[in-house]
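Work through the exercises below with the coordinates open. Try each task before reading its solution.

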Amino acid sequence: MAEPLTSFSVIVPVYNGAETLDACLTALTGQDYPKERYEVIVVDDGSTDATAQIAARYPVRWISLGSNQGRIVARNTGAQAARFETLVFNDARVTPERELLAKVGKLDYEPLIPDIRDFDDSRWGFARFFYLLRCRLYAPYYPLSKDRGDFWITEENFDRAPKGTGCFVCSRGRWIANQPERSDRETSDDTRILRKIVATKPILRTVAASARYQQRTDFMAVIPHTFRRGPLFADYYLRPGGRYYAPYAVLWGFILLSLLLTGLDPRYGAIPAGLVLTALAGVVVYLSRCWSDILVAAVCLPAVAAAFGLGILKWQVLCFFGKR
């Protein structure tokens, strides 16, 4: 029989997280929970900003990796150093409610993902765009609400359900036993780990506990982040057998055919260009929920698609040269 969840090691992997770390650590160190029954471990993945100075203001355990080795290494370093067997992974951009640990203890179940509130009701900008995108990608599981209640992430709905390790509760043994084969920065570590975990035990997505995710909204923050997400997405979903492998293969066929036709006669280049613009317009309409969303999607979609696509292209090039 599993031990009750009464003591927690909260692990905060961070790389250049000065912008949000203060709010994160304020919430974690101020939990409405007995101080002797939890610890907060900050694992610095080679930050070059004020991360260290901010963390020094709080009663946390500090571990520095010395150089940027990737979030999977940071998380596992924290897991190995933890005093308690129940781990709570909490990203620097995630601010949990004060009662998070108390509510998780009351639920007495792991693996568990609380309600991650990642939308601030904005009507414009990237925050609104990513909300619209998630609503379409993860329907009917997103957004989580008390009316819909909790649900289980299983092998059957894994690819359709919103998930991640931004705030994730798991036993140390389960976490370590389900690590991916690779541990580099181009590996989709959270998706692969969670996929292995649900093969052994369903993950509970619950509205009984919550945390707030501070989403990137500035163009100069969103685009580089989206580019970095491209290879991680491709590593899991675009490999043979992945959810989007078939449409990805069709897309490459379309690109190669377009290049061939354009090479034969430049006038044929207008055909694929027209099809791409038509597809973009269709996606804009598909994502939109009201008239103002059409403008939001029309402005944000090309930039996000370009950054994400270049990230995927980077992954494809690495695969071509046998680096993945």
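**Exercise 1. Find which residues of helix 5 meet which residues of helix 11, and classify the packing.**

Step 1. Start with the contact list. From helix 5 come Gly125, Phe126, Arg128, Phe129, Phe130 and Leu132; their partners in helix 11 are Asp293, Val296, Ala297, Cys300, Leu301 and Val304. Contact means heavy atoms within 4.5 Å. Helices here are DSSP runs (H or I, at least four residues), strands likewise (E, at least two), and both are numbered from the N terminus.

Step 2. Know the source. This is a predicted model, in which local features need pLDDT of at least 70 and side-chain atom pairs count only at pLDDT 80 or more, while totals for chains, interfaces and linings use all residues. Residues are numbered from 1 along each chain as its sequence is written, and side-chain values use heavy atoms, with hydrogens and water left out.

Step 3. Take the geometry. Helix 5 (residues 125–137) packs on helix 11 at about 90°, and the axes are 9 Å apart. Helix 5 is therefore roughly perpendicular to helix 11. Axes are lines fitted to C-alpha atoms, for helices over the stretch in contact, and angles run from 0 to 180 degrees between N-to-C directions. Angles under 35 degrees count as roughly parallel, over 145 as roughly antiparallel, 65 to 115 as roughly perpendicular and the rest as oblique.

Step 4. Sort the residues of this contact. Nine are nonpolar, one is polar and two are charged. Ala, Val, Leu, Ile, Met, Phe, Trp, Tyr, Cys and Pro count as nonpolar; Asp, Glu, Lys and Arg count as charged; the others, Gly among them, count as polar.

**Exercise 2. Describe how helix 8 passes helix 11.**

Step 1. Helix 8 (residues 219–237) and helix 11 (residues 291–320) have axes that come within 7 Å and cross at roughly 40°. That angle makes helix 8 oblique to helix 11.

Step 2. Assign the hand. The crossing is right-handed. The rule: left-handed if the near helix is turned anticlockwise from the far one by less than a right angle, right-handed if clockwise.

Step 3. List partners. Helix 8 contributes residues including Phe219, Ile223, Thr226, Phe227 and Phe233. Helix 11 contributes, among them, Val304, Ala307, Phe308, Ile312 and Trp315. The contact divides into 13 nonpolar, three polar and three charged residues.

**Exercise 3. Is Thr226 buried or exposed, and which residues does Thr226 touch?**

Step 1. Check accessibility. Thr226 is buried, at 7% relative accessible area. Buried means under 20%, exposed over 50%, and partly exposed in between (1.4 Å probe, protein chains only).

Step 2. Leave out residues up to four places away in sequence. Thr226 then touches Phe130, Val304, Ala307 and Phe308.

Step 3. Contrast with Pro224. This proline also lies in helix 8, but is partly exposed at 32%.

**Exercise 4. How many disulfides does a search of the whole structure find?**

Step 1. A disulfide is a covalent bond between the sulfur atoms of two cysteines. The cut-off is a pair of cysteine sulfur atoms within 2.5 Å.

Step 2. Count. The search finds zero.

Step 3. Check Cys135. Its closest cysteine sulfur is in Cys290, 12 Å away, too far for a bond. Cys135 is buried, at 6%.

Step 4. Check Cys300. Its closest cysteine sulfur is also in Cys290, at 13 Å, again too far for a bond. Cys300 is buried too, at 5%.

**Exercise 5. Which residues of helix 3 are buried, and what do they pack against?**

Step 1. In helix 3 (residues 71–81), the buried residues are Ile72, Val73, Ala74, Arg75, Asn76, Gly78 and Ala79.

Step 2. Their partners are strand 1 (8–14), strand 2 (38–44), strand 4 (86–90), helix 6 (172–177) and helix 7 (189–198).
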